[in-house]
Amino acid sequence: TILTTEEKLAQSKANREARESAILSSSLSSEYEKQSLRLLQLRRSYKQVALTEGESTKKARKLKKEIQALDATLKRVDGSVGQFQRSVGNYGKAMGSARNAVRSMMGAMGAVGGAYLFVRVMRDAFNRVKEFDKSMQNLAGILRTDREGLKDLEAQIIMVASVTVKTSNEVSTLAEKLVTLGKSKNDVKQLLQPVVELGIGLEASGEDAGEFLVQMLNAFGGSISEAKSYADTIASIRMSTSLDFQKMRDSFQYLAPISNALNQDLAYTGSLVGILADNGIKAQRAGRLMGSSQQRLAGDGKNLTGAIEELNQAQKRGVEENKLLALSTSLFGVEASTLGLILANNSEIIDKNAQSIRDNGGALDALVTEQLKSLDAKLNILDSAWERFILTIENGDGKISKFFKTTIESLTTL
């Protein structure tokens, strides 16, 4: 059964609520995990109340007070063990630690070494601002606007970068890629976070993840507002099958347009290719042949389910293997005949696997969380926080940059 967009959203919400309820009621969950989840739920409730009833209402003020109290408690616990990432924008403490580190290093290296370190830090900051300014100017040119017209997109870029392992420069480059794919400024604002998270979860570049997600939205007729849901489904396919990002990319480019034309969704497509890949068929070959074979079946007035059932009935009648292969060839074509037999032997789990993929809400969050556990990821998060700190001071369009630009322009006219 193909679910409507509204049904998918309702199902995803129900899955999330069930998962959160299990965490809160389980004796295996630590108190810290329960309170962290409670904070997330309070923030969710506050946003809903603030938007529907107003921020100044009694209910909103009460929720905000609870959030601040619980957030302060958790930050205090985090801080007691030197962990400050709960508030990525907590630059006072972060930079305080950085200053202490610099002082210690200067003491160890002497004044000359400390001065050298200071120069390197400033050069790094200058290069980051320069690259970010260049990227934003490129975006302004593509969108036929100026930096002032990109203020909201710029803020979104910096925000997304600050809570992920991606730097603002990497996210701004991704924004350029999305614009070249025909997306508007508002589309890009909605796509940035799910694309960045998908890239992290699938260990792919932001540009590749963005192109793939946009292709799937286009192929299945999804709207930009469904980007997070589609990204979650892709992550669920990754967790439920042997298909990694490259295998999905190679196979879905052939099969997705056909699947949509035949009223099959992304989860069903992932289930089909996943089963074939699990049986030794290369993903790209599986996607290409399943696309052509379904076109062949449609031309004969048949569909995939009917063809698989026809093979199953022949098997039940005890048809010899060579005749069974001949039947599969007549249905699916010479190249795809083996694929037809594999699907017939796994017919009972095609729909079951597809439904499991649909039901696995929160798969993207789980993948991203797992990827962020490594030391390398934590260092990248620190790098992103450092870059956000720099860009809040100077983003390439501030007074400092304007002074240098004016000075350089004056010198070049001499």
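This is a predicted model: local features need pLDDT of at least 70, side-chain atom pairs count only at pLDDT 80 or more; totals for chains, interfaces and linings use all residues.
**View 1. Helix α13 crossing helix α15.** Here we look at how α13 (residues 304–316) packs against α15 (residues 337–345). The axes of these helices lie 9 Å apart, at an angle of about 75°. Because angles of 65 to 115 degrees count as roughly perpendicular, α13 is described as roughly perpendicular to α15. On the α13 side, the contact is made by Leu-304, Ile-308, Leu-311, Asn-312 and Gln-315. Facing them from α15 are Gly-340, Leu-341, Leu-343, Ala-344 and Asn-345. Sorted by type, the residues of this contact comprise 6 nonpolar and 4 polar, with no charged ones.

**View 2. Gln-315 of helix α13.** Staying with α13, we now turn to Gln-315, which sits in this helix. Gln-315 is partly exposed, because its relative accessible area of 32% falls between the 20% limit for buried and the 50% limit for exposed. Setting aside neighbours within four places in sequence, Gln-315 touches Leu-324 and Asn-345. Gln-315 and Asn-345 are 30 residues apart along the chain, and their C-alpha atoms are separated by 9.5 Å.

View 3. The Thr-269 side chain reaches the backbone oxygen of Asp-265 at 3.0 Å. Beyond its neighbours within four places in sequence, Thr-269 is in contact with Phe-220, Phe-252, Leu-255 and Ser-259.

How values were computed
Residues are numbered from 1 along each chain as its sequence is written. Side-chain values use heavy atoms; hydrogens and water are left out. Helices (H or I, at least four residues) and strands (E, at least two) are DSSP runs, numbered from the N terminus. Buried means under 20% relative accessible area, exposed over 50%, partly exposed in between (1.4 Å probe, protein chains only). Contact means heavy atoms within 4.5 Å. A polar contact is a pair of N or O atoms within 3.5 Å; within protein, one must be able to donate a hydrogen and the other to accept it, and residues adjacent in sequence count only if both atoms are side-chain atoms. Axes are lines fitted to C-alpha atoms, for helices over the stretch in contact, and angles run from 0 to 180 degrees between N-to-C directions. Angles under 35 degrees count as roughly parallel, over 145 as roughly antiparallel, 65 to 115 as roughly perpendicular and the rest as oblique. Ala, Val, Leu, Ile, Met, Phe, Trp, Tyr, Cys and Pro count as nonpolar, Asp, Glu, Lys and Arg as charged, and the others, Gly among them, as polar.
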